[in-house]
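Work through the exercises below with the model in view. Try each task before reading its solution.

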Amino acid sequence: MMYLFLVLCLFIAITSYGFIDPNLILTSVPIVHRFISSLSNVVYQQRPVTAGIFFTVLLLLFFLFRHVFINQKRLFPKPVLFWKWIVIAVLILVFSYPMLSYDLFNYMTTAKVTYTYRENPYVVMPVEIPNDINLAFTRAANKVALYGPTWILMTWFPHALGAGNIWRTIIAFKLFTAIGYLSMCYLIWRITKNMKNVIFFSLNPLIIIETLVSGHNDIIMMVLACTGLLLWKKKKFWNRITGFFIFFLSVFTKGATLVLVPLLFFRQLTKERLMLISSCLLFLIFIMVAPIREELYPWYAIWFLSFAAFLPYPKYALFWQFCIALSLGLELRHVPYMAMGYYEGPGPILRTMMTVIPVAVWGIWYAIRIKNNKD
Amino acid sequence: MRGILHCLVISIFLSLIFSHLSCVRAAYTLPYPSYMPGNRLYFISRIIDQINRWWYFGSVAQTKYHLGLSDKYLVEAKTLYEYKQYLLGTDALRRSTKEFHEIPINIKRAQSEGKDMTLLIVKISESAEVHKTILMDMRVDNPETFQWTPEKEASTDLKIHDEINNGIATVTKVLEELIKQ
């Protein structure tokens with residue numbers, strides 16, 4: 001089964017290059033260029049087929065996720081085995097193209113404004129340097145930096161690793177978020193010592209796609225927030241200071257974790273309660289932000305899924321099931337655009353339906369199960 | 001009757017075509033005046049201006065910084081002159097001219113760093129035109145000189161037109177330099 005998972009990862013990594021922006025040329029090697037062009041033709045010309053393939057791959061990933069979760073003890077008698085698979089999957093997906101979002105290009109261009117042009121990214125918009133080649137494939141270039149100073153400072157590493165080469169910079173940024181992903185998996189393992197918790201987070205297709213494929217920086221914010229809050233709970237003074245500092249690094253990465261600040265004043269909360277409240281608060285923000293931003297971005301689910309992964313499994317099975325159903329619904333939001341090529345028209349209603357249906361199906365299934373148990 | 005019908009059809013057709021074309025273009029607008037010189041809180045605004053000098057690092061940012069300040073001080077000068085506050089107005093005008101003078105220096109710096117400044121140059125040219133118009137109006141509306149006599153202090157001779165002319169000359173010089181580019 002895990003071989004199938006790796007095959008799917010490899011398939012995603014290769015086919016993701018079909019989603020390449022028409023203005024972006026990653027290679028001058030003729031064979032590779034021709035291969036990417038033909039993939040692109042399928043993606044952009046055969047949109048319903050592409051959406052169908054994505055839908056199938058997504059369902060397969062969720063099926064595998066469920067299978068591994070249920071058969072975890074049989075499949076991975078030793079945790080080391082699982083880690084090996086995960087590291088291989090990460091190494092494959094790091095080389096994929098960020099096919100579902102342009103955010104990574106925005107990170108790259110903002111880092112370029114800061115470190116190459118030495119301009120303040122909170123004052124100068126990328127579009128104000130019109131001869132920059134990144135503008136051809138960057139969206140939201142008419143905005144100043146959208147992220148906090150922690151993120152801007154951290155982007156120096158992937159920017160420097162990229163050394164001006166676009167493809168290398170893409171991979172460097174993805175490597176950076178992949179480190180965040182692995183750190184989060186390790187943190188979950190270190191705290192819970194339960195493989196079910198690690199699997200709930202690491203094999204969730206939403207986490208895999210939005211972190212390892214699209215390279216969203218939300219994972220970095222969440223690693224810092226979880227580490228910070230957990231250290232803050234410790235008794236030693238220096239642990240608490242470090243925790244406080246790390247937590248605020250998270251707040252200044254993207255800002256969503258600002259909502260967790262009041263929790264710093266409730267030190268008597270148990271770890272379990274802390275994680276539950278954090279997850280619920282971030283879920284609320286996720287739901288509340290949607291009407292403001294006019295869109296429910298799937299990668300925002302990383303916020304509450306990260307904290308949910310620390311909850312003990314049998315006790316919070318219901319919450320986890322809801323999270324998984326919602327993850328599927330959120331990932332399906334990519335399908336209408338993939339099929340149509342535009343966001344407007346029936347797009348908004350279709351995206352809402354795509355999100356609601358899996359959650360509703362899960363709700364009905366759960367209600368029937370309860371009724372059967374009562375009978 | 002047939003002719004009227006033809007005219008009606010053609011006019012509807014033309015209106016459908018031209019209604020899609022937009023001739024709307026936002027003209028360069030100066031900022032709304034905030035705390036004015038003479039206000040007790042004005043020094044805070046000046047401190048923020050100084051902090052921003054550090055915050056707006058980079059040649060493009062510096063260009064925007066000096067343009068923004070020049071705009072802001074010009075609005076102050078115009079408003080103060082309208083209220084016959086010639087001493088404060090002349091000081092604000094002097095500051096506006098000084099900030100505008102800094103713009104081409106930063107543009108050259110940005111260009112030497114390989115940054116395309118086309119968009120900002122267009123914006124600055126538009127700003128220069130607006131500055132020039134306002135300064136010319138100010139020259140018409142205000143006296144050539146004014147003797148400012150505060151209580152218990154020596155009087156000051158304010159050469160208002162000289163200051164305005166200096167502003168016009170600076171703006172014109174910058175505009176000419178930008179057009180050459």
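**Exercise 1.** Determine the handedness of the crossing of H5(B) and H6(B), and name the residues that make the contact.

*Solution.* The crossing is left-handed (the near helix is turned anticlockwise from the far one by less than a right angle; clockwise would be right-handed). The model is predicted: local features need pLDDT of at least 70, side-chain atom pairs count only at pLDDT 80 or more, and totals for chains, interfaces and linings use all residues. Residues are numbered from 1 along each chain as its sequence is written, and chains are lettered from A and ligands numbered from 1 in the order in which they are written.

Next, the residues in contact (C-beta atoms, placed from the backbone, within 7 Å). H5(B) contributes residues including B:Ile121, B:Ala128 and B:Leu135. Among those of H6(B) are B:Ile164, B:Val171 and B:Leu178.

**Exercise 2.** Find the regions of chain B with the lowest and highest mean pLDDT among its elements.

*Solution.* pLDDT is the predictor's confidence in each residue, from 0 to 100. Chain B averages 88, and 86% of the residues score at least 70. Helix H1 (residues 2-18) of chain B has the lowest mean, 51. Helix H3 (residues 59-82) of chain B has the highest, 97. Over residues 12-22 of chain B, pLDDT stays under 50. The model has zero contacts beyond four places in sequence for that stretch. Where pLDDT is low, the predicted coordinates should not be read in detail.

Notes. Helices (H or I, at least four residues) and strands (E, at least two) are DSSP runs, numbered from the N terminus. Two residues are in contact if their C-beta atoms, placed from the backbone, lie within 7 Å.
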